[in-house]
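This report examines strand pairing and the contacts of aromatic rings. The structure under discussion is shown below.

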Amino acid sequence: MPDLILKSTAVVTPTGQRPAVLVLQAGRIADVLPYEAAVAGPVLDLGDAAILPGVIDPHVHLNEPGRTEWEGFDTGTRAALAGGLTTLVDMPLNSAPVTTSVANLRLKQTATQGQLHTNVGFWGGIVPGNAAEVGPLIAAGVLGFKAFLTHSGIDDFPNATESDLRRVMPLLASHGLPLLVHCELSEDNDEWKKGDTRSYPNYLASRPKSWEDEAIKLMIRLCAEYRCPVHIVHLSSADSLPAIAEAKALGLPLTVETGQHYLFFNAEDITDGQTQFKCAPPIRERANNEQLWQALQSGLIDFVATDHSPAPPDLKQLASGNFATAWGGIASLQLALPVLWTAARERGATLPDLARWLSTNPARLIGQAQRKGQITKGYDADLLVLAPEATFRVTEALLHHRHKVSPYLGRELTGVVTHTFLAGEEVFHHPDALHLNRGQLLTR
């Protein structure tokens, strides 16, 4: 007897959107049947609401332990459930300690106990001097590794040099594990701080596209040399798209993500002092961001991830509006799907596009493509139900993040997540969490 049967006229499968019946059993999708199929068991008829694979976000800063007051597993994964996210991968910073050794990884895993409301995996970190930790971290089950090519903002996670990367890329290549890279090759550039530090154009000019472009060229060269899977995180410079296209045409194991905020906002609309928009790389001009959209829709950019990087309100410098001293990070985890859907549907995108950008392709990066990220027989029954035409306004009361600072506050978004299922169990029914601490730790 199935545990649950879901029925909808709009089930998003790898072959498109269609009416179907999903049979859920023992945490998996036991079958995907025609809409007219009669199956014995408890049935939840969702009418015309869409069923999609749960969102997978491989770029999240949950900041626990050590900086739990910034977010934490409890609030972060609770917010994820409300947004239809079923799997997160936590970055190796900004927790303290950072995930650059097995001992530190164990501290993170221990910290999840009793407060893991979605599935969570971990990236290891590459920093100067920790090459000897990479093999043990692989054995301990990290999903891959992250490096910065510029200052990370956290002194205990210094940027890696080219020589640091050369030491570890052969080992990552031999295991088929991805190297995720924050691509900015920065130069000393403090002159802008002598001007108006409330000026968004000044901040934008302080992190030029050339920093990204040069860093991406370096990573493409190293990718070609070592055949190590390289993943470019939060691409913001459209000037790098031709080099990325050439690398992919050559068959290099290169993948690319951009962030919701680069697709939803434009620099021209950010007024001075609005430090809730500060991130690195920065949100760029409309013409640049339109090119990112074209690259996403053509498949050149593989997927979209939030880079959820929250901080206490005082660190965002909302009162002073000082871009020089404000923490750079966008808090958006719970809103990952409706933000992207709101902007994408205006460009003719479909729900199957959304599933590819938020679930199927991220599952490949994290090594879970054989079990997560699509509605297919035998796959994990991590699912969401979406009212795709429903709208809502983002308010502080709506957000489950620890802090309510977000550039999306006050925005009207389209797409309401009404249910979230984790391993076949309904864990969220809008607006309430039904079952908590049902998440699993993911290892490679």
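In this predicted model, valine 60 stands opposite aspartate 90 of strand S7. Strands S6 (residues 55-60) and S7 (residues 85-90) run parallel and are joined by 4 bridges. Between S6 and S7 the chain passes through helix H1 (residues 73-82), giving a β-α-β crossover that is right-handed. Strand S6 is mostly covered, with 6 of its 6 residues buried.

Across the whole structure, a search finds 11 aromatic pairs. Two of the pairs are set out here.

| Pair | Arrangement | Centre to centre | Angle between planes |
|---|---|---|---|
| Phenylalanine 73 and phenylalanine 122 | edge-to-face | 6.2 Å | 85° |
| Tyrosine 203 and phenylalanine 323 | stacked | 5.7 Å | 15° |

Phenylalanine 73 belongs to helix H1 and phenylalanine 122 to strand S8 (residues 119-122), so this pair ties together parts that are 49 residues apart in sequence. Phenylalanine 73 is buried, at a relative accessible area of 0%, and phenylalanine 122 also counts as buried, at 3% relative accessibility.

The pair of tyrosine 203 and phenylalanine 323 links distant parts of the chain, 120 residues apart. Tyrosine 203 lies in helix H5 (residues 200-206), whereas phenylalanine 323 is in the loop between strand S14 (303-304) and helix H10 (336-345). Both tyrosine 203 and phenylalanine 323 are buried.

Elsewhere, Phe264, Phe265, Phe277 and Tyr408 are linked into a cluster by ring pairs.

Charged side chains also meet aromatic rings. Lysine 7 places its charged end over the ring of tyrosine 35, 4.7 Å from the ring's centre. Arginine 67 lies over the face of tryptophan 70, at 5.6 Å from the ring centre.

How values were computed
Residues are numbered from 1 along each chain as its sequence is written. This is a predicted model: local features need pLDDT of at least 70, side-chain atom pairs count only at pLDDT 80 or more; totals for chains, interfaces and linings use all residues. Side-chain values use heavy atoms; hydrogens and water are left out. Buried means under 20% relative accessible area, exposed over 50%, partly exposed in between (1.4 Å probe, protein chains only). Helices (H or I, at least four residues) and strands (E, at least two) are DSSP runs, numbered from the N terminus. Two strands pair if DSSP finds at least two bridges between them. A crossover is right-handed if, with the strands pointing away from the viewer, the path from the first strand over the helix to the second runs clockwise. Rings of Phe, Tyr and Trp (its six-membered ring) pair if their centres lie within 6.5 Å; planes under 30 degrees apart count as stacked, over 60 as edge-to-face and the rest as tilted. A charge sits over a ring if NZ of Lys or CZ of Arg is within 6 Å of the ring centre and within 35 degrees of the ring normal.
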